[in-house]
Amino acid sequence: MFKRMLSAFGVGGPSVDTVLDSPHATPGQVVTGQVRIQGGSADAEIGQVVLSLVTRVEVERGDHEYSGVSEFLRVVVQQGVRVAAGQLVAIPFQLPIPWETPITAVGGGQLPGMTVGVRTELVIAGAPDKGDLDPVLVHPLPSQDAVLNAFGQLGFSFRSADVEAGRLHGVPQELGFYQEIEFFPPAQFAGAVQQVELTFVANPHELFVILEADRRGGMFSSGGDAFGHFHLSHQEAEVADWASSINGWLAQVAQRGGGMHGHGVHGHHGRGGMGMGTVVAAGAAGVVGGMVVGEMMDDAFEDFGDFGGE
């Protein structure tokens, strides 16, 4: 996607271009493509060709929050690559997408605030030359999609999404971060609940769904957070009646302000109401005053690329 001269060799050195067969992926899948190295005016020796998956992660330290680029998968694609002057060397690769990779695309649109990219790095004479990022659109698994569609049906509206450094209590995680997708609650709960955060943690067999409601404090009640925790196989999650389970949990939070652990999500998942893609697109349009989500993400990725090269 981005052809880039390798600074280590100076003017006339080789350039590199990483091409993905498709930018679309889902967790647990493999992304394929080629790293194409075009020889310059002289022969060149490259020690290692390395690909990594990176995303932007928010880190909290005391009262301060800052964001950094986190590499969460690293693969040495090839060692000892000799590139003759003027020659094109194409190195095919397969990159597994971890099950806990953040979702960056919902309902055909980019999820605002979210970026995952493939970074190409060439190690030349022991020194890494970090390249540009090729964005990957990570779509939800069918089991995750069922939950997102329920949020749309219930009348939630998308607020924001980010990736937080840290671990969740009682949930097995491989990566040191988790994604939070924040929603404004449906109108009937807006008086009791400020926002609801949705987190998925997936593995090959099952899906953990963690909900966090930020309750409003009132004259006679204190605010604070309430949690919901659902844990199903992917097959169960695809057909579960998420709309009634989430609605029931939220009603309980609004009434009593208590958390609820929901393992019993039953029934068949209906398809009425607005799909989550529509909700996300509408929410994003509201946030950025009608700006096209795709354009917004291009800009975000440019900043992200600069950040990653530091």
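These legends describe close-up views of one predicted model.

Residues are numbered from 1 along each chain as its sequence is written, and side-chain values use heavy atoms, with hydrogens and water left out. In this predicted model, local features need pLDDT of at least 70 and side-chain atom pairs count only at pLDDT 80 or more, while totals for chains, interfaces and linings use all residues.

View 1. Helices (H or I, at least four residues) and strands (E, at least two) are DSSP runs, numbered from the N terminus. Of the 310 residues, 48% are buried. Buried means under 20% relative accessible area, exposed over 50%, and partly exposed in between (1.4 Å probe, protein chains only). Among contacts between residues at least 6 apart in sequence, 65% join residues at least 24 apart. A contact means heavy atoms within 4.5 Å.

**View 2. An aromatic cluster formed by Phe151, Phe156, Phe158 and Phe183.** The structure holds 6 aromatic pairs. Phe151 and Phe156 make a tilted pair, 4.4 Å centre to centre with 50° between the planes. Rings of Phe, Tyr and Trp (its six-membered ring) pair if their centres lie within 6.5 Å; planes under 30 degrees apart count as stacked, over 60 as edge-to-face and the rest as tilted. Both Phe151 and Phe156 are buried.

**View 3. The edge-to-face pair of Phe156 and Phe183.** The ring centres are 6.0 Å apart and the planes stand at 75°, so the pair is edge-to-face. The pair links distant parts of the chain, 27 residues apart. Phe156 sits in the loop between α1 (142–154) and β13 (157–165), and Phe183 in strand β14 (residues 177–184). Phe156 counts as buried because its relative accessibility is 3%. Phe183 is buried too, with a relative accessible area of 0%.

**View 4. Ser143 in helix α1.** Ser143 has 1% relative accessibility and therefore counts as buried. Its side chain meets that of His234 in a polar contact of 2.8 Å. A polar contact is a pair of N or O atoms within 3.5 Å; within protein, one must be able to donate a hydrogen and the other to accept it, and residues adjacent in sequence count only if both atoms are side-chain atoms. Leaving out residues up to four places away in sequence, Ser143 touches Leu207, His234, Ala237 and Glu238.

**View 5. The largest cavity, about 80 Å³ in volume.** The structure holds 2 cavities of 30 Å³ or more. On a 1 Å grid over the protein atoms alone, a cavity is a set of points where a 1.4 Å probe fits but cannot get out; a pocket is an open set with protein on both sides within 12 Å along at least five of seven lines; lining residues have an atom within 4 Å of a point. Residues lining the largest cavity include Trp99, Glu100, Gln144, Tyr178 and Phe200. β14 and β15 (193–202) each supply at least two lining residues.

**View 6. The second largest pocket, with about 260 Å³ of space.** Grid points are joined across faces, edges and corners, and a volume is the space filled by probe spheres set on the points. The pocket has 14 lining residues. Leu168, His169, Ile210, Phe227 and His229 lie nearest its centre. Two or more lining residues come from each of β14, β15, β16 (206–215) and β17 (224–233). β17 gives the most, with 3 residues.
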